[in-house]
Amino acid sequence: MIKINIPGKDETLAIKHLVLDFNGTLATDGRIKPGVAGLLEKLAAQLQVHIVTAGTFGSVDDEVHGIPCVLKILSGADQTGQKARYVEELGAEHTACVGNGRNDRDMLEKAKLGILVIQEEGAAAPCLLAADVVCRDIDSALQLLLQPLRLTATLRT
Ligand SMILES: [Mg+2]
């Protein structure tokens, strides 16, 4: 668990699960970005990492091999709803999520801490107000959890 104190909101975030979108968030063109695996390994020592994806590029299994995580491959319609329900089933109160696409909007809103990343693919505009924080890239997003004082500085009132 990662505990993060947010002054002014009078609460402490207690994050047990980290749910991540794959394409556009952890990966570009289906390939995981350099440095991401190492950051996820560090985070996996403190919380359960989950990767949820439609597997658009078909390379997810190979790309996440060796990363300590739960891999959830989505199929069928309403992937926005499937991602949001996944977060709810884990317990949204204790879950952080990171995504970039329109189908990440509802999980970003439901999770206690929603982080939107822009990167190469860009971020879907409807996600902007659903998220708590917007980061330029996945490295910055994961570092927020590894160095929570950064997050405190961003979210305090
Ligand atoms: Mg995406």
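Where is Asp29 found? Asp29 is found in the loop between strand S4 (27-28) and strand S5 (31-32). The views below come from a predicted model, in which local features need pLDDT of at least 70, side-chain atom pairs count only at pLDDT 80 or more, and totals for chains, interfaces and linings use all residues. Residues are numbered from 1 along each chain as its sequence is written, and side-chain values use heavy atoms, with hydrogens and water left out.

**View 1**
Asp29 has a phi near 55 degrees, a positive value in a residue other than glycine. With 58% relative accessibility, Asp29 counts as exposed. The cut-offs are under 20% relative accessible area for buried, over 50% for exposed, and in between for partly exposed (1.4 Å probe, protein chains only). Asp78 is not a glycine either, yet its phi is positive at about 55 degrees. Asp78 sits in the loop between strand S7 (70-73) and helix H3 (79-90). Its relative accessibility is 45%, so Asp78 counts as partly exposed. Helices (H or I, at least four residues) and strands (E, at least two) are DSSP runs, numbered from the N terminus.

**View 1. Helix H1 packed on helix H5.**
Two packed helices are described by the angle between their axes and the distance between the axes. H1 (residues 36-44) and H5 (residues 138-146) pack at about 20 degrees, with axes 10 Å apart. That makes H1 roughly parallel to H5. Angles under 35 degrees count as roughly parallel, over 145 as roughly antiparallel, 65 to 115 as roughly perpendicular and the rest as oblique. Axes are lines fitted to C-alpha atoms, for helices over the stretch in contact, and angles run from 0 to 180 degrees between N-to-C directions. The crossing of H1 past H5 is left-handed, meaning that the near helix is turned anticlockwise from the far one by less than a right angle. H1 contributes Val36, Leu39, Leu40, Lys42 and Leu43 to the contact, and H5 contributes Ile138, Asp139, Leu142, Gln143, Leu145 and Leu146. Contact means heavy atoms within 4.5 Å. These contact residues divide into eight nonpolar, one polar and two charged. Here Ala, Val, Leu, Ile, Met, Phe, Trp, Tyr, Cys and Pro count as nonpolar, Asp, Glu, Lys and Arg as charged, and the others, Gly among them, as polar.

**View 2. Ala37 in helix H1.**
Ala37 is found in H1. At 27% relative accessibility, Ala37 counts as partly exposed. Ala37 and Glu63 are 26 residues apart in sequence, and their C-alpha atoms are 9.3 Å apart in space.

**View 3. Helix H5 meets helix H6.**
The axes of H5 and H6 come within 5 Å and cross at roughly 100 degrees. H5 and H6 are therefore roughly perpendicular to each other. From H5, Gln143, Leu144, Leu145 and Leu146 meet Pro148, Arg150 and Leu151 of H6. The contact residues divide into five nonpolar, one polar and one charged.

**View 4. The two faces of helix H6.**
Which residues of H6 (residues 148-155) are buried? They are Leu151, Thr152 and Leu155. Their arc around the axis is only 105 degrees, which puts them on the same side of H6. The arc is that of the directions from the helix axis to the C-beta atoms. Cover for the buried residues includes strand S1 (2-6), strand S9 (113-117), strand S10 (133-135) and H5. The face turned away from the buried side carries exposed Leu149 and Ala153.

Val98 belongs to strand S8. At 0% relative accessibility, Val98 counts as buried. Asp104 is placed in the loop between S8 and helix H4 (105-110). Its relative accessible area is 0%, and Asp104 is buried. Asp104 touches Asp21, Lys83, Gly99 and Cys127, not counting residues up to four places away in sequence. The C-alpha atoms of Asp104 and Leu128 are 11 Å apart in space, and the two residues are 24 apart in sequence.

**View 5. Glu93 in an exposed loop position.**
Glu93 lies in the loop between H3 and strand S8 (95-99). At 51% relative accessibility, Glu93 counts as exposed. Glu93 touches Ala14 and Lys112, not counting residues up to four places away in sequence.
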